[in-house]
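Let's take a walk through a protein together, from its overall shape to its inside. Keep the picture open as you read.

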Amino acid sequence: MQLIDTHTHLDFEHFDADREQVLARCAASGVERIVVLGVHEGNWQRVWLLACEQPAVHAALGLHPVFLERHRDEHLQALHGWLQRLHGERKLCAIGEIGLDYYIDDPDTERQQRLLEAQLEMAAEFALPVLLHVRRAHAPMIATLKRHRLERAGIVHAFSGSWEEAREYLRLGFRLGLGGAGTWPQARRMQRVLRQLPLDGIVLETDAPDIPPAGHGGERNSPELLPEICRSLASIKGIDAEELAAASYRNSCELFGWP
């Protein structure tokens with residue numbers, strides 16, 4: 001089974017004690033590539049160094065809506081500078097994690113929107129896909145993406161919306177990132193949507209260290225659990241795990257421009 005984990009935070013301190021061992025176990029289990037996402041200006045250097053040091057790791061850089069209080073106006077200029085310097089580097093694969101989060105307490109929706117749109121403009125400028133975080137904000141996100149119409153689209157990470165919302169993202173050229181959340185018995189709506197999704201619209205992810213799959217509640221999630229997640233989601237969808245893995249691998253390579 002060949003797999004690509006399209007969304008992780010492997011740079012987080014949760015992995016400081018055993019990151020090398022985790023990567024070795026990933027390689028042994030067929031997880032060939034791992035995307036690590038930047039979330040604020042303070043961790044971009046760490047993410048980029050990890051990508052440069054580890055053959056399996058690829059980097060995305062962005063300003064995450066949950067970290068809004070840490071972002072400054074000048075960080076948008078800083079992100080633009082990073083993207084200019086790294087333009088054409090094969091280890092830079094996307095802009096992310098960016099998006100809208102209306103689930104957090106007292107979300108500053110206007111500032112989130114400005115930040116999102118500025119980064120979507122950079123994605124268009126540098127012809128990079130975007131990795132989107134969307135919680136309780138699918139309607140404004142879809143409306144925003146319809147206005148921007150990115151050439152390379154991207155991934156809606158940890159998708160948990162309705163079939164109607166999924167269909168809108170697919171029409172815009174986006175793939176839907178599926179991971180551990182859909183493996184839990186209570187995720188009934190997500191599982192109904194999964195059964196309807198075309199294989200060419202799915203990519204797999206862990207969001208490690210967050211959102212562990214069923215049977216690992218309270219544990220650190222890890223990209224080494226992606227094969228288990230794949231098997232669980234394939235069973236729910238009623239297909240062979242190898243078929244789902246192959247589709248996700250193909251979709252991820254097409255999205256990121258990998259051979």
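Predicted model: local features only at pLDDT ≥ 70, side-chain atom pairs only at ≥ 80, totals over all residues.

Residues are numbered from 1 along each chain as its sequence is written, and side-chain values use heavy atoms, leaving out hydrogens and water.

The protein chain holds nine helices and eight strands; these are DSSP runs (helices H or I, at least four residues; strands E, at least two), numbered from the N terminus. Its C-alpha trace spans about 45 × 40 × 35 Å along the principal axes.

Now look inside. Of the 259 residues, 58% are buried, meaning under 20% relative accessible area with a 1.4 Å probe, protein chains only. Nonpolar side chains tend to be buried together in soluble globular proteins. A nonpolar core is a set of buried Ala, Val, Leu, Ile, Met, Phe, Trp, Tyr and Cys residues joined through side-chain atoms within 4.5 Å. The largest one here has 69 residues, and Tyr-169 and Phe-174 are among those with the most contacts inside it. Helix 4 (residues 109–126) gives the most to this core, with seven residues. Apart from it lies another core of 14 residues, including Ile-4 and Phe-256.

Finally, find helix 8, which runs through residues 226–237. Among its buried residues are Leu-226, Ile-229, Cys-230 and Leu-233.

How values were computed: Buried < 20%, exposed > 50% of the residue type's maximum accessible area, 1.4 Å probe, protein only. Expected span 1.5 Å × (residues − 1).
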